[in-house]
Amino acid sequence: MQFIKFASKKKKQTTTLQTKQNRFAYSLLVPGYLFFIPFRLLSIIAIFVMSFVSWKGYSFSTIKWAGLDNFTRLINDPIFWKSLWHTIQFVLIVVVVQTVLALFLAILLEQHLPLTKFIRGIYFMPTVLSLVVVGILFGYIFSPSSGVVNALLRTLGSEIQPHWLGDPKIALYLIMAITTWKEFGLAMFIFIAGLEAIPLDLFDAAKVDGANSWNILRNIILPLIKETTTVVVILTTVNCLKVFDLIWVMTKGGPFYATEVLATRMYTQTFNHGNFGYGSAIASVLFILTFVVSVIQMKVSRSGKEAIY
Amino acid sequence: MYKVGRVLKHALIYFILLVVFVLVLYPVIWMFINSLKPTWEILTNPFSLPTTFTLENYITAWNIANFGRVFLNTVGLLAISLSGILIISCMGGYVFGKLEFPGKNFLFYFWLAGMMVPPHVSLIPNFVIIDYLGLIDNYLSLILVYFGSATFGVFVMRSFFMSVPTEILEAALIDGCSESGVFWRIAVPLAKGGLTTIAIFYFVFLWNDYMYPMTFLRSDSKNTISIALTAFRDVYITNWGSLLAALSLASLPPIIFYFIFQRQFIRGLTAGALKG
């Protein structure tokens, strides 16, 4: 870390050399900040400022200061509360299901039986697919009239032909299941890394002491991968807060707002209805939620990351 | 007795792993198999192997959805964006990981703050800037935004350069190499491992991105793969064969790359998930 300073001491031209070196450091940062400042950093301020205006977009002359109007509208908008509730449901259910599933499979795979390397490689594959492909593919698989699942139900002699994505009671849960299908592999590999960091002699010692599988899970594995679990939970939470692509491709928030979440509500309001101010207010809520989770992540992730690398 | 228990336990483990294996793999395999059947056969017999093997679907998808053009668009956009991201990440990572200069911590905290902004939140402000610059329906809009998303890359490269021994760089400096020479000739070649990690992470991110191209691009001739797929789906909703062929075409590049560079993919994407 000190290498430039150290070098400059040797050459005994500290001041001029130091300025030259500083200039070199700054010049390397210029390209990064050139794009980072307007497109990332400024967004934080802009999204909050824009929450207080009324604007249909496109021409700056039509911007009007709206005070708290957008937030009053937010509070009185039943669809907003619905989408917030769906987002929270999404987070709670997917986080629990995905974390438990990923940990369970990671433990099974870490028994190092033959073929498990190959199997875990396949489990990761959906992670590299695009959400658009996954959305269209499962939209077809679960299509009520020509879909495979209902065809299978018919072959099995079932009278029930669910409408799946067309059924407000099922649609959101189906999308949660598909999200888990696509993303559990990532969580699983984080758990695998955490499990591999546990010293093997701990298991041997436990077995010598006569511990059964449940004891080992309860008293060795779970306490030792606590930090990894926190990392997985936070990561999944952030991903679920941001869920958009899959819903947009499959249902666009319908039927009857049954799959409307914060991100889709924000998008429709801003780009389909041209309410830039109101859309920004929803985005601010989304940002605050993500921010809180990210701050928690920063606090706990240091130890968790050490478990990975 | 002990042995029987062990066999049973292993059998149970394999059974569970196999069920998940089928659930994960089957939809993808099903997509590839059925893309080789005519649509009527998909509808009458969705589970069988093709009896009438045909590449007709691929030809239709390629011609109607203009997939040649779409691929070219996506690959070109990806190549430019990725090169920019790699250069920015390499330079930023080196500066934050290896150099000492006034204001370093201050600048780095800014970078950290930027990493916390989800792309959904910056979408509206970015759209306003892009529209103001008159770049709607121009690839430059996406390139600028993607360059701005290099925050994660800088982060990875920073920790990577921190692990490069300072002595190597010092030695080069004492031997009369200039600061920029040390960076370009010594540090960058040492950074290949880190660059692979972020290249893979951004490849998957850029190839699959949907929200930004959908918002910024307008004309059909500029479609990237994600938009082309949804547009194709909306028009040819009943032509399942061609639709499945289009999906297969779009998924082949990431899947093939994944099976070739499996280790790097898993490392790159888990690192991305943890820091991005």
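Tutor: In chain B, 45% of the 276 residues are buried. A residue is called buried if 20 or more other C-beta atoms, placed from the backbone, lie within 10 Å of its own, exposed if 12 or fewer, and partly exposed in between. Keep in mind that this is a predicted model, where local features need pLDDT of at least 70 and side-chain atom pairs count only at pLDDT 80 or more, while totals for chains, interfaces and linings use all residues. Residues are numbered from 1 along each chain as its sequence is written, and chains are lettered from A and ligands numbered from 1 in the order in which they are written.

Student: What makes B:Gly134 count as buried or exposed?
Tutor: B:Gly134 has 10 C-beta neighbours inside 10 Å, so B:Gly134 counts as exposed. You will find B:Gly134 in the loop between α6 (119-132) and α7 (139-148) of chain B.

Student: How many helices and strands does chain B have?
Tutor: Chain B has 15 helices and 0 strands. Both are DSSP runs, numbered from the N terminus: helices are H or I with at least four residues, strands E with at least two.

Student: How does the radius of gyration of chain B sit against that of a compact globule?
Tutor: Chain B has 24 Å, whereas a compact globule of 276 residues would be near 19 Å. The radius is taken over C-alpha atoms, and the globule rule is 2.2 Å times the number of residues to the power 0.38. Along its principal axes, the C-alpha trace of chain B spans about 75 × 70 × 35 Å.

Student: Why are α6(A) and α13(B) called roughly parallel?
Tutor: The axes of α6 (residues 131-141) of chain A and α13 (residues 225-235) of chain B cross at roughly 20° and come within 9 Å. Axes are lines fitted to C-alpha atoms, for helices over the stretch in contact, with angles from 0 to 180 degrees between N-to-C directions. Angles under 35 degrees count as roughly parallel, over 145 as roughly antiparallel, 65 to 115 as roughly perpendicular and the rest as oblique. Therefore α6(A) and α13(B) are roughly parallel to each other.

Student: Which residues of α6(A) and α13(B) meet?
Tutor: From α6(A) come A:Val132, A:Val133 and A:Ile136, and from α13(B) come B:Ser226, B:Leu229, B:Thr230 and B:Arg233. Contact requires C-beta atoms, placed from the backbone, within 7 Å.

Student: How many residues of chain B are in contact with chain A?
Tutor: 75 residues of chain B are in contact with 77 residues of chain A. Helix α1 (residues 2-34) of chain B gives the largest share of chain B's side, 10 residues.

How values were computed:
Contact = placed C-beta atoms within 7 Å.
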